[in-house]
Amino acid sequence: MSYLSLVLRDTADNGLVFWCPGCHMAHRIQHGAGSGPRWTWNGNVREPTFSPSINVVYDHLSEASRARNAEFKAAHGRYMTKEELPYDLHHVCHSFVTDGRIQFLGDCTHALAGQTVDLPPFEHS
């Protein structure tokens, strides 16, 4: 990953990465020619605009489930399988990035749902 600006990095296959303050992690889109979903990009590295919206969805374990899994490992020498301990938190981050600002839509499951904020500088350079 290489540095384009304080708020944007680029990756292989025309990938662009920005830091999401709602998820506290990076989100990646792909632009230009290539396979897989593609977004348009205005070419501005300081105040990017991507279209269409960016919808990041994933499942993960709650703190309580992680603790249960650690106890299981201590007792049985292995972690539980996904079937034994299914992921119990569903995370959605749905946003528009326009002129260097992130508009978080109402279906986001994090604290910034419904808010619009500036793209922050990367926390992890």
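Mentor: We'll take the sheets, then the cysteines, then a few single residues.

Mentor: Keep in mind that this is a predicted model.

Trainee: Fine. In what order do the strands of the sheet with β1 run?

Mentor: The order is β1-β2-β3-β4. That makes an open sheet of four strands, with antiparallel pairing.

Trainee: Which strands stand at the edges there?

Mentor: β1 (2-3) and β4. Each has a single partner strand, so one side of each is left without a neighbour in the sheet.

Trainee: And how many bridges join β2 to β3?

Mentor: Three. Strand β2 covers residues 9-11, and the two run antiparallel. Take Thr-11 as an example: its bridge partner in β3 is Gly-15.

Trainee: Next sheet. What's the order in the one with β7?

Mentor: β7-β8-β9-β10. Here too, four strands form an open sheet, and the pairing is antiparallel. The edge strands are β7 (54-60) and β10 (116-118), each pairing on one side only. From one strand to the next, the twist averages 30°.

Trainee: How many bridges between β7 and β8?

Mentor: Seven, in the antiparallel sense. Strand β8 spans residues 89-98.

Trainee: Which residue in β8 is the bridge partner of Asn-55?

Mentor: His-94.

Trainee: Are Cys-20 and Cys-93 buried or exposed?

Mentor: Cys-20 counts as buried, at 1% relative accessibility. Cys-93 is buried as well, with a relative accessible area of 1%.

Trainee: Now His-110. Where does it lie?

Mentor: In the loop between β9 (101-104) and β10.

Trainee: Buried or exposed?

Mentor: His-110 is buried, because its relative accessible area is 10% and the cut-off for buried is under 20%.

Trainee: Which residues is His-110 in contact with, leaving aside neighbours within four places in sequence?

Mentor: Gly-22, Cys-23, His-91, Val-92, Cys-93 and Phe-104.

Trainee: What does Pro-21 contact beyond four places in sequence?

Mentor: Ile-102, Phe-104, Leu-112, Val-117 and Pro-120. Phe-104 is also in contact with His-110.

Trainee: How far apart are Pro-21 and Lys-82?

Mentor: In sequence, 61 residues. In space, 28 Å, C-alpha to C-alpha.

Trainee: Last topic, rings. How many aromatic pairs does a search of the whole structure find?

Mentor: Two.

Trainee: Over which ring does the charged end of Arg-9 sit?

Mentor: Over the ring of Phe-122, 4.3 Å from its centre.

Trainee: And what does Lys-73 lie over?

Mentor: The face of Tyr-79, at 5.4 Å from the ring centre.

Trainee: Thanks, that covers my list.

Terms used. Residues are numbered from 1 along each chain as its sequence is written. This is a predicted model: local features need pLDDT of at least 70, side-chain atom pairs count only at pLDDT 80 or more; totals for chains, interfaces and linings use all residues. Side-chain values use heavy atoms; hydrogens and water are left out. Contact means heavy atoms within 4.5 Å. Two strands pair if DSSP finds at least two bridges between them. Axes are lines fitted to C-alpha atoms, for helices over the stretch in contact, and angles run from 0 to 180 degrees between N-to-C directions. Rings of Phe, Tyr and Trp (its six-membered ring) pair if their centres lie within 6.5 Å; planes under 30 degrees apart count as stacked, over 60 as edge-to-face and the rest as tilted. A charge sits over a ring if NZ of Lys or CZ of Arg is within 6 Å of the ring centre and within 35 degrees of the ring normal. Buried means under 20% relative accessible area, exposed over 50%, partly exposed in between (1.4 Å probe, protein chains only).
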